[in-house]
Amino acid sequence: MEDGLFLVLEGVEGAGKTTQVRLLEEWLKGLGLDVTAAREPGGTALGEAVRAVLLDRSELEVPPESELLLVLAARAAFVKDVVLPARARGDVVVADRFSLSTFAYQAYGRGIELETVRRLDAFARAGLEPDLTLLLDLPPEEGVRRQRTAGKGCDRIEQAGKAFHARVATGYRALAASGDHRICVIDAVGTTDAVHGLVRAALREAFPGTFRILTG
Ligand code: Z5A
């Protein structure tokens, strides 16, 4: 692929994003494609430092506006240092979260006006849009149950409470329904393999030229 592709996996906590990024990366590499996989916030030294502040420092009071600007500071570096160079090399970039998370968590969840979030986000990502966002659709309580079963600890944002996470889930569905973004909703309730099958099918449908040639 000459121009690369930028794919994003989104969804509530525990929806299976990390699992599906790993399976997608393996599948794409098996097809002979070069893949760059990364998470947000993260993917760069600055992004990982922001992540540590945002998630691990539960004792810090972080106003919603500061939280927004921190995730966007990380995003600017992620786009500039990871996504754009990888796409220019012809890689498929697979990101675990991107702008849709900011709309869902900082606008719908924290209550910052969506248009303000959109404007600041557009500046941070220098206008870059994902070629496709795959939204793993799972009821938030099922995501929490999966996290608990896995014995995962609760970070600062996960501690925000049930009502917050319900608003985030509502936000994701509203954003998908708005038709404003290239979003494909994937039913994430099934087994890991079943969800991976749906992800593959969505990519074949969205990029028939690329994936029909590669998978026959
Ligand atoms: N955040 C923000 O506020 N604004 C932003 O702009 C951005 C982020 C970019 C990052 O957390 C936090 O940052 C996030 C939003 C905020 N906070 N919250 N909440 P993260 O992305 O690192 O973590 P997370 O999304 O909260 O959780 P996670 O651990 O990454 O979940 P996941 O990746 O979606 O799921 P998973 O790790 O693949 O799977 C969870 C468990 O379920 C695990 O044990 C799996 O083995 C299991 N699993 C996975 N798939 C299945 C299926 N299909 N069936 C059964 N079990 C499964």
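**The ligand and the pockets**

An N or O atom in the side chain of K152 lies 2.8 Å from an oxygen atom of the ligand, a polar contact in the sense of a pair of N or O atoms within 3.5 Å. Taken alone, the ligand exposes 1,000 Å², and the protein buries 85% of that; accessible areas come from the Shrake-Rupley method with a 1.4 Å probe. The model is predicted, so local features need pLDDT of at least 70 and side-chain atom pairs count only at pLDDT 80 or more, while totals for chains, interfaces and linings use all residues. Residues are numbered from 1 along each chain as its sequence is written, and side-chain values use heavy atoms, with hydrogens and water left out.

A polar side-chain atom of Q147 lies 3.1 Å from an oxygen atom of the ligand. In R146, an N or O atom of the side chain is 3.4 Å from a nitrogen atom of the ligand.

The shell around the ligand holds 29 residues, of which K17, T18, T19, R51 and R97 come nearest; a residue is near a molecule if one of its heavy atoms lies within 4 Å of it. By class, the shell has eight nonpolar, twelve polar and nine charged residues. Helix 4 (99-109) gives the largest share of the shell, four residues. Helix 1 (17-30), helix 2 (45-56), helix 3 (64-88) and helix 6 (140-149) are also among the elements that each supply at least two residues. Helices here are DSSP runs (H or I) of at least four residues, and strands (E) of at least two, numbered from the N terminus.

Where does the ligand sit? The ligand sits in the largest pocket, that is, more than half of its atoms lie within 2 Å of the pocket's grid points. A pocket is an open set of points on a 1 Å grid over the protein atoms alone, where a 1.4 Å probe fits, with protein on both sides within 12 Å along at least five of seven lines; lining residues have an atom within 4 Å of a point. The volume of the largest pocket is about 840 Å³. Its lining has 37 residues, with E13, G14, K17, R97 and E158 nearest the centre. Helix 8 (192-206) is one of the elements that supply at least two residues of this lining.

The second largest pocket holds about 270 Å³ of space. Of its 16 lining residues, E129, P130, D180, H181 and R182 are the closest to its centre. Strand 1 (5-10), helix 4 and helix 5 (114-124) each give two or more residues to that lining.

Conventions:
Polar contact = N/O pair within 3.5 Å; in protein donor to acceptor, adjacent residues only side chain to side chain. Nonpolar A, V, L, I, M, F, W, Y, C, P; charged D, E, K, R; others polar. Points joined across faces, edges and corners; volume = space filled by probe spheres on them.
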